[in-house]
Amino acid sequence: MFAPHTKVDSKDSKLVLANMFWVAFALLIGGSAGLLQTLVRSGQFELPFGIGYYQLLTLHGVILALVMTFFFIMGFQIAALSRTAGPLNNKERRLGWIGFWVMTVGTLMAAVMIATNEASVLYTFYAPLQAHVIFYIGLTLVIVGTWLSALGQMMRYFRWRKENKGQKTPLLSYMTAVNNLMWYVCTIGVASTVLFQFIPWSVGWVETINITLSRTLFWYFGHALVYFWLLPAYMVWYAVMPKILGTKGFSDKLARLAFVLFLFFSIPVGIHHQLVDPGIDAFWKGLQVVLTFMVIIPSLMTAFSMFAVFETYGRNKGATGLLDWFKKLPWSDARFVLVFIGMLFFVPGGLGGIINASGQMNQLVHNTIWIVGHFHITVGAPVVLTYFAAMLFLLPHITGHKIDRIANRLGLMLAYTWALGMGIMSAAMHFAGLRGAPRRSTFSEYGGAPVAEEWITYQVMQAVGGSFLFIAIIIAILMFLKLITGPKTDEIEEFPVAEFLDQNDSPVRWVDNWRLLFIITAFLVLIAYTVPITQMFTENIPGAKGFKLW
């Protein structure tokens, strides 16, 4: 039996902390841009210094959706591996550092282009809007940096398997490997479109770009990107939260199966973002809608597992009635409260996702601000709040400080302020979207059109919610600073890792068969994408020249 590891290695901790500093910086910059957006859309504020609204919108999306999340995920997964599988060796850690610096250089290149108004194309960079080539190269380097860091992580995982043959792999390490495999497969799409379409087009080597192909390759990557953000949060839910509660997780087997299902069904579903796009046959859109609904299964498995843990905790504390266990939950522990509130947001978020992916209902909400509201309550609440909760136990663990009363109180204030702001803003977005308010647009009265007047109240509400969210971001930064500068402790704060009710069961062999997992994933991708992408090459689809409208 392998010897369990109890802490993150000190050398690995430096790499983790470097990534987390980027998370805090990106949160502040991206959050400030988000606040300004909501103020502009309310019609009560104009941007100073010639800053463009779409320039700001691009900054908000790139910094929060790509930079902040990527640095957090790389840092957290390195910590999870070091904690459960043991320290990275010099080669594995070196890959992590090289990846970190490549991501940093790429981020700065993209940021300079956004700041100089050479790349106001949003984080989806839809053609035929054309950015400076340095922007595309910068985003490419960010992706390459994640590949290098993830390679070091995968090497550590498979080295553990080699050293502990026949043993059940540590759950957090297994989950990290699944997320990285999904990432390698899905980023083929964005790498292909940037390298072979956007870069040659932006430097003038080719005059036009196939828009349908570029959008399809982006969403081949773009929807799996959502799960790349989400699965580290699920790692905390499954493998950390039960330990924080002082109980056992529901099922190790269920957790691994859920991650395998996310691997299978998170990638071959991107066309559900293109249900109103021409150039893709209805059959293939319908197939990917069906595959999208398959993702509901591991989501429901996760909900069942987590609420089983919560109820078990409450019953152990003496709860007797149907819902009495709810009152017994540790409402004074910010690590729990942040995660639980995020989970609650995921309920309406999941229901909205079913609407967005349904062919008929999508017609009503597509390209309205409903989609933005959905995006914020599925990513901006469950994912980000769980990231904050992870900061609460991870930063003290790697810096030698402690979670004191002030840090915990800041975490509680953060949870409730974020929930208030996100609740107001996302609700206003959903209601405005149902009334036809467009996404990706600055404030406009649309020539005095009566329908546009209905949107203004909701846009003011978005600004109110955005203001509360910005206050929450300030609280998050204060919490971050407190966690890395607070009182030192001789007793290292725990990186909690749970045991499970079926902890001693023998491993399920097929979920560790990586060749099988890759073959099934590739098979589903080929079924979903081979014919649609082939048609985009063989049918007479006109190309588009580049446009710069700012």
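Student: How many positive and negative side chains does the protein have, and how far apart do the centres of the two sets lie? After that, please go through the loop between helix 3 and helix 4.

Tutor: The model is predicted. It has 37 positive and 26 negative side chains, and the centres of the two sets lie 7 Å apart. The accessible surface is about 21,900 Å², with 67% of it belonging to carbon and sulfur atoms.

As for the fold, there are 18 helices and zero strands. The radius of gyration is 23 Å, close to the 24 Å given by the globule rule for 550 residues, so the protein is as compact as a globular protein of that length. The C-alpha trace spans about 65 × 50 × 45 Å along the principal axes. Of the 550 residues, 60% count as buried. Among contacts with a separation of 6 or more, 85% are between residues 24 or more positions apart.

Now the loop. Helix 3 covers residues 90-115 and helix 4 covers 133-163, with Pro 128 in the loop between them. The peptide bond leading from Ala 127 to Pro 128 is cis, and its omega is near 15 degrees.

Asn 117 and Phe 125 also belong to this loop. Asn 117 is not a glycine, yet its phi is positive, at about 60 degrees. Phe 125 is not a glycine either, and has a positive phi of about 35 degrees.

Phe 135 and Trp 229 have the most contacts inside the largest nonpolar core, which has 182 residues. Helix 6 (residues 211-239) gives the largest share of this core, 21 residues. In soluble globular proteins, nonpolar side chains tend to be buried together.

For comparison, take a residue in another loop. Phe 500 sits between helix 17 (450-485) and helix 18 (514-538). At 2% relative accessibility, Phe 500 counts as buried. Its contacts beyond four places in sequence include Leu 171, Tyr 238, Ala 239 and Phe 250.

Key:
Residues are numbered from 1 along each chain as its sequence is written. This is a predicted model: local features need pLDDT of at least 70, side-chain atom pairs count only at pLDDT 80 or more; totals for chains, interfaces and linings use all residues. Side-chain values use heavy atoms; hydrogens and water are left out. A nonpolar core is a set of buried Ala, Val, Leu, Ile, Met, Phe, Trp, Tyr and Cys residues joined through side-chain atoms within 4.5 Å. Buried means under 20% relative accessible area, exposed over 50%, partly exposed in between (1.4 Å probe, protein chains only). Helices (H or I, at least four residues) and strands (E, at least two) are DSSP runs, numbered from the N terminus. The radius of gyration is taken over C-alpha atoms; the globule rule is 2.2 Å times the number of residues to the power 0.38. Contact means heavy atoms within 4.5 Å. Accessible areas come from the Shrake-Rupley method with a 1.4 Å probe; for residues, only the protein chains shown count as cover. Lys and Arg count as positive and Asp and Glu as negative; His and the chain ends are not counted. The place of a charge is taken as NZ of Lys, CZ of Arg, CG of Asp or CD of Glu.
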